[in-house]
Amino acid sequence: MQQLDELDAADVQRALVEFSALSVATALERFCRDVDGTENYGLHPDRVEATAFAWLAKQTLENRPGNLPAVTGAGRPVVLGAIYPA
């Protein structure tokens, strides 16, 4: 069996991306067969990631947790990130 340090980094990343994509696709098929797209709720799909990061930033600015332990497996809710004023 090949050791991890012998594997090409690009191959490892490729495998992780494929695993992640298949995991998401499988979960969507299993649990979300009839889910509407975000556009049906007024949020263009191209803006989902930016909106998520904006929400996380807002949580941090308000000193509120940005994680959900039941989903992430974290031990407790925590404020994510940090603010470094100029």
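In which pattern does the secondary structure of the protein follow when read along the sequence? The protein follows the pattern α-α-α, with 3 helices and 0 strands in total. Helices here are DSSP runs of H or I with at least four residues, strands are E runs of at least two, and both are numbered from the N terminus.

The model is predicted: local features need pLDDT of at least 70, side-chain atom pairs count only at pLDDT 80 or more, and totals for chains, interfaces and linings use all residues. Residues are numbered from 1 along each chain as its sequence is written, and side-chain values use heavy atoms, with hydrogens and water left out.

**The whole chain**

Begin by displaying the C-alpha atoms of the protein, which fill a box of roughly 50 × 40 × 30 Å along the principal axes. The radius of gyration of the protein is 18 Å, whereas a compact globule of 86 residues would have one near 12 Å; the radius is taken over C-alpha atoms, and the globule rule is 2.2 Å times the number of residues to the power 0.38.

Next, show the surface. Of the 86 residues, 5% count as buried, a class defined as under 20% relative accessible area, with exposed over 50% and partly exposed in between (1.4 Å probe, protein chains only). Of the contacts with a separation of 6 or more, 3% come from residues 24 or more positions apart, a contact being heavy atoms within 4.5 Å.

Select residues 48-61, which form helix H2. The 14 residues of H2 should span 20 Å at 1.5 Å a residue, and the end C-alpha atoms are 20 Å apart, which agrees; the expected span is 1.5 Å times one less than the number of residues.

Move on to Asn63, which follows H2 and is found in the loop between H2 and helix H3 (69-72). Asn63 is not a glycine, yet its phi is positive, at about 55°. Most residues other than glycine have a negative phi. Is Asn63 buried or exposed? Asn63 is exposed, with a relative accessible area of 60%.

**Pro69 in helix H3**

Select Pro69, placed in helix H3. Pro69 is partly exposed, with a relative accessible area of 23%. Which residues does Pro69 contact, leaving aside its neighbours within four places in sequence? They are Ala74, Arg76 and Pro77.
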